[in-house]
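Hi everyone, thanks for making time.

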Amino acid sequence: MIESEHLYIHVPFCIKKCRYCDFYSKTDLSLIPDYVTALVQEIRLRSQSTVSQPKGNAATVYFGGGTPSLLGPRHLEAILQALDNAFSLCRQTEITFEANPGTLDDIHLKSFQGMGINRVSLGVQSLDPTQLSLLGRIHSADDAVHAVEKVRAAGIENISLDLIYGLPGQTEEHLIRELDAALDLTPAHLSCYMLTLEPGTALHVMHERGKFLPMAQSDQVDLFRAAAKYLKIRGWDHYEVSNFAKHTSLRSLHNRAYWQMVPYHGFGPAAHSYAVKSDTDGSAAYKRFWNAPDLNGYINALKIGDLPASGSEILTLEQRQMEYVMVGLRTSMGLDIRTGQNLWQNRFLTVFQSLMKNLENKGFARHLDAGQRFVLTLQGWMRLDSIVASFVERI
Ligand code: SF4
């Protein structure tokens with residue numbers, strides 16, 4: 001069978017680092033042209049060597065970062081052309097472009113739409129000036145509102161908004177006001193992330209110096225429940241712990257590939273890839289590999305025609321089982337019992353039956369589709385970490 005391809009492009013540039021963010025990015029924008037040249041070369045080289053043949057059309061492309069909206073039309077055109085040569089983009093390909101509301105240009109947006117960008121994920125994060133300032137964002141709440149208008153005026157209707165909640169002092173009323181303000185912008189999709197303190201970020205340093213006191217996790221969980229209930233009443237499809245679609249047809253196809261552990265190709269510094277290959281003895285090898293988070297090294301290697309420094313690992317059966325549980329329990333599709341039985345060589349039910357029954361009795365989970373899928377309820381998602389831990393300790 002010819003598989004559809006899922007492609008991720010990491011654009012490692014930001015105007016300024018946000019206080020909470022640990023994604024790999026650099027603020028030296030003068031390197032963008034060299035990065036684009038290197039990226040096009042990487043796509044070409046990898047499509048000649050590692051990418052499986054024969055290929056189907058690309059099902060999804062996701063420009064993430066960093067700040068993809070710092071790319072100009074000529075750069076984006078070169079990248080899309082390279083992807084098309086290697087993977088065949090088509091009108092049905094979901095092409096998502098992450099954008100920072102502080103970096104959107106109307107004319108660029110129109111060109112992007114003409115090149116096939118059909119989904120924009122806007123890093124709004126908050127519509128409250130105080131919260132935006134605490135997060136260290138470069139944009140204002142008004143910028144976010146105007147960004148949505150600009151994207152729509154460019155002819156792109158499939159708009160996702162990223163929001164962050166759980167900042168110190170945030171109340172349920174405040175969160176609902178934030179959600180209301182976001183819903184007023186009539187997005188197709190919302191990603192609502194709980195603020196987490198990542199090592200190496202400015203917020204983490206502030207915390208160590210006693211200048212930032214994070215919200216207690218139990219309070220964050222209360223906010224999670226409030227947001228989920230509020231959006232559910234308004235008809236939103238809560239299809240992954242942090243993700244909501246206006247309609248099931250507007251779920252992110254690209255993220256679904258990650259959640260279903262489908263192979264994908266990642267390009268750019270720090271990008272990860274996942275591949276399933278036939279081993280010499282005919283068995284399947286599940287490989288994860290990644291480019292080093294090193295923009296200069298990436299550019300220099302590709303300048304002389306080498307692939308950039310990278311790391312890799314072959315996933316053991318236990319690792320795949322763990323990922324299956326960790327990712328599956330986050331989604332409204334849950335765990336598919338048949339897939340579990342395959343992955344556990346028919347022992348899935350033996351290993352997990354009593355745990356699943358126990359969770360079901362407590363109202364944290366239920367079976368759907370005539371018992372073929374095991375899905376956490378909202379009460380279960382509120383205890384996701386400990387439930388995942390209970391599964392993992394049985395692996
Ligand atoms: S949150 Fe986005 S814009 Fe801010 S530093 Fe991270 S990648 Fe850049």
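Let me begin with Asp369, which counts as exposed because it has 12 C-beta neighbours inside 10 Å. For burial, 20 or more other C-beta atoms within 10 Å of a residue's own make it buried, 12 or fewer exposed, and anything in between partly exposed, with C-beta atoms placed from the backbone. Before I go on, this is a predicted model: local features need pLDDT of at least 70, side-chain atom pairs count only at pLDDT 80 or more, and totals for chains, interfaces and linings use all residues. Residues are numbered from 1 along each chain as its sequence is written.

Back to Asp369: its phi is near 50°, a positive value in a residue other than glycine. You'll find Asp369 in the loop between strand E14 (365–368) and strand E15 (373–376). Helices (H or I, at least four residues) and strands (E, at least two) are DSSP runs, numbered from the N terminus.

Ala270 also has a positive phi, about 75°, without being a glycine. Ala270 sits in the loop between strand E9 (265–267) and strand E10 (272–278), and counts as partly exposed because it has 19 C-beta neighbours inside 10 Å.

Now, which peptide bond is cis? That is the one from Gly65 to Gly66, with omega near 15°. Gly66 belongs to the loop between strand E2 (58–65) and helix H2 (73–87).

Both glycines turn up again around the ligand, in a set including Cys14, Lys17, Cys18, Gly65, Gly66 and Asn100; the cut-off is a C-beta atom, placed from the backbone, within 6 Å.
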